[in-house]
Amino acid sequence: MQGDSIIKNEKTSGYMLGDKTENIKKRTDFIEASGELQEGALEEIEEGYVEVDLKGNTVACNSSFCKITGYPKEELLGLNYREYMTEAMAKRVFAAYNKVFRTGVPNKAFHYEIIRKDGETRIIENSISLLKDHEGHRIGFRSVVRDITERIRTEEELEKHRRSLQAIFRSVKDAIITVNDRMVVIEANEATNSICGIPPENITGRIFTECSFRCDKICHEVLKNSLEKKVDINEYKIKCRHRDRPEQKVVVTSSPLLAEDGNWMGTVLLIRDITRLSNLERELSERHQFRNIIGKSKKMQDIYALLEDLANLDTTVLITGETGTGKSLVAKALHYGGTRAFKPVVTVNCSALPESLLESELFGHVRGAFTGAIKDSQGRFYAANGGTIILDEIGDISPTIQLKLLRVLQEREFERLGESLPIKIDVRVIATTNRDLKEKMRRGEFREDFYYRLKVMEVRLPPLRERREDIPLLVNHFCGVFNRKFKKNIEGVSEEVLSAFMNYDWPGNVRELEHSIEHAFILCHGPVIGIDHIPLEIKEYSFSKKSSQRRKTIQGAEEILTVLEKTDWNKAKTARLLGIDRSTLYRKIRKYGISRPPQEM
Amino acid sequence: MRDMEGILRKDPASILFVGPQNFEKEVIQESRPVLLLCTQRDSDFNKQIEVMETVHSAFSEKLKACLLEQDFVEVFMEMYDIKGTPTFVMFTGGREKGRLLGQIAPETLRNFVLRVLSAEQRDE
């Protein structure tokens, strides 16, 4: 342009045309444009922006600041900061601004409370810096302000929640152990000490499976299982086998710790001690059955307890009791309840075979050992190796076989007939008998040494008449058995039948009861077994017992009537003569329906 | 409380009771997959039986469901190194193919059975 010269602008390092007026105008235009741009940008931001002079009066601000304070711009401009806070707060703000003024160092993230125009208190975060003019003089302050009320409240809530959870975590009686995905313990509560016997500080930060717990560490397996397969494990009951508390039982639950994106980042293990509960449940539940042995009477409960103790041992057991009391059942229960359950169980009826055959049956023979021994035989003891041999009716065996059996019990070896090579065996011996072995011993029919070798533990089964309260249970059981066998739908027995069963003596015990019900099932074509369906001897026994009771009743009434007539119906005298008190006499009079005949006028 | 055990024993088509006498025949020699529940008769027993029945009925003839007799639970646990109850064990061809620990929902058990059966089909 004519008359223009290019002048370097020292401040901006740019160039401008030499015409000063033009340049000034352009510069002014530029500055104005920049200012408008800057103002536009400030209006767009969410943060509040405010400039105050050295007295704290608002010189400029953006719309966001107006929104934060609740004041319109025209009211804010010229308004002192003290107008929208408490006096105490104003002092704090003054101190903060003063420090910035003196040091020149901006104060970032200074928090304080303001009171909006509508009276609501808000918490704001203020970043304060000095405003200087072009000569570097301090002319005021510039602040970038955020309303952080919600954030602070959320943080406080979270902190409150965290403290509350911590309190629960500390005080809950279940052990809670949190591990990350590498099985490192993040946190454990105090109950870990009482249940697991290890203080939480001893495991926090360590790999769970490497911590020295004094138990079988079954929880470790549960945790590993849960982490590896990414599954919950709920209410898993285990026996800890803790060294200090060997009976401790716990319930373990393993739940995932999930990240926001749903990724598995660890596990929470909860361990609850249920030892006491489990023991109470056990005590409270009256055992009605142990394997196939039925009975809830005290005598049977005692036997169940004994069988549980004996099941897992290899001790020789002698089972005694009348015929039909369930000796074989008990012997089988002992076998199947122990670690030999999946090994052979062999039963030998010692009374069914003559002595010569019994010996061969028990111990085996080699070919040619006796006439008829055309091939080798291993024998029952060999067949039972690793398992159990049940010697039924042990009281009927000869002294010779008693001696051989004694050797088996003592030496755990035997020889086959016709062979001198001893064979070692591992067999548990259970013997049964309905004989009185002590009596046989006294008569010299049973060896004393063998008796005491057999009778390491004795299980004595009571006759059915000594546990009559089990009869209804047994009746129910057999009805179920025969309903399935005969494909019938008999509901049970009548009251009359039950009464007959309860009164009967049962010389054949449970076996006799079983056969009686089977008999009734064949005859009964209705839903209920009646008195005509049961065996005659039980019916007759019941009838004769009732008759005898009825006769006693009749005698009682006749006697009272005779004495009453003698005393002219004087109750006191009658009672004295009968040797009973008056209330008993009145009761019997009512019971037998005794009444004075009407007197003639 | 329902006597689930009594109900099951009366219904031959339902879950089969298994003990040492019939374990070999009913589980090891069984040609179908077998789902076996090892559990104590406690307060949670009925719930787990119902779960098992639900899943069993979904698979009907393709899956055999067995429940260990109460008195054989401890022996079985020792044999198969089972540390707690309830534990569901899947057998195919007489061998254990997987187990689930703790109380579970029907869906979880169903998915477990499907996984084991699918794995078996793939191996074949």
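Hi everyone. Let me start with a count: across all chains, this structure holds 51 salt bridges. Please keep in mind that we are looking at a predicted model.

The side chains of A:Asp118 and A:Arg116 come together in a salt bridge, 3.3 Å from N to O. Buried or exposed: what is A:Asp118? Its relative accessibility is 51%, and exposed means over 50%, so A:Asp118 counts as exposed.

A:Asp174 makes a salt bridge with A:Arg272, and their closest N and O atoms are 3.0 Å apart. This pair links distant parts of the chain, 98 residues apart. On one side, A:Asp174 sits in the loop between helix 5 (149-171) and strand 8 (175-180) of chain A. On the other, A:Arg272 belongs to strand 12 (residues 264-273) of chain A. A:Asp174 counts as buried at 12% relative accessibility, while A:Arg272, at 35%, counts as partly exposed.

Now let's go to the place where the chains meet. How many residues of each chain are in contact with the other? The answer is 22 residues of chain A and 23 residues of chain B. Together the two chains bury about 2,000 Å², with 52% of that on carbon and sulfur atoms. Three residues, A:Tyr236, A:Lys237 and A:Phe342, supply 34% of the area that chain A buries against chain B, more than any other three residues.

There are 3 salt bridges between chain A and chain B. One of them pairs A:Glu221 with B:Lys83, with the closest N and O atoms 3.1 Å apart. We also find A:Lys237 again, as its side chain meets that of B:Asp42 in a salt bridge of 2.7 Å, N to O. A:Lys237 lies in strand 10 (residues 233-239) of chain A, and B:Asp42 in the loop between strand 2 (34-38) and helix 3 (45-59) of chain B, so this pair joins two chains. Both A:Lys237 and B:Asp42 are buried.

Let's turn to chain B itself. It has 5 helices and 6 strands, and from the N terminus on they run α-β-α-β-α-β-α-β-β-β-α. Chain B has 124 residues, and 56% of them count as buried. The chain exposes about 6,000 Å², of which carbon and sulfur atoms supply 48%.

On to the aromatic rings. A search of the whole structure finds 25 aromatic pairs over all chains. One of them is edge-to-face: B:Phe23 and B:Phe76, at 5.7 Å centre to centre and with 65° between the planes. Why does this pair tie together separate parts of the sequence? B:Phe23 lies in helix 2 (residues 20-28) of chain B and B:Phe76 in helix 4 (residues 73-79), so the parts being tied are 53 residues apart in sequence. Both of these Phe residues, B:Phe23 and B:Phe76, are buried.

Chain A has a ring cluster to look at too: ring pairs link A:Tyr81, A:Tyr97, A:Phe101 and A:Phe141. Over the face of A:Phe101 lies A:Arg138, at 5.0 Å from the ring centre.

How values were computed
Residues are numbered from 1 along each chain as its sequence is written. Chains are lettered from A and ligands numbered from 1 in the order in which they are written. This is a predicted model: local features need pLDDT of at least 70, side-chain atom pairs count only at pLDDT 80 or more; totals for chains, interfaces and linings use all residues. Side-chain values use heavy atoms; hydrogens and water are left out. Rings of Phe, Tyr and Trp (its six-membered ring) pair if their centres lie within 6.5 Å; planes under 30 degrees apart count as stacked, over 60 as edge-to-face and the rest as tilted. Helices (H or I, at least four residues) and strands (E, at least two) are DSSP runs, numbered from the N terminus. Buried means under 20% relative accessible area, exposed over 50%, partly exposed in between (1.4 Å probe, protein chains only). A charge sits over a ring if NZ of Lys or CZ of Arg is within 6 Å of the ring centre and within 35 degrees of the ring normal. Accessible areas come from the Shrake-Rupley method with a 1.4 Å probe; for residues, only the protein chains shown count as cover. Contact means heavy atoms within 4.5 Å. Buried area is the accessible area (1.4 Å probe) that two parts lose on being put together, summed over both. A salt bridge is a side-chain nitrogen of Lys or Arg within 4 Å of a carboxyl oxygen of Asp or Glu.
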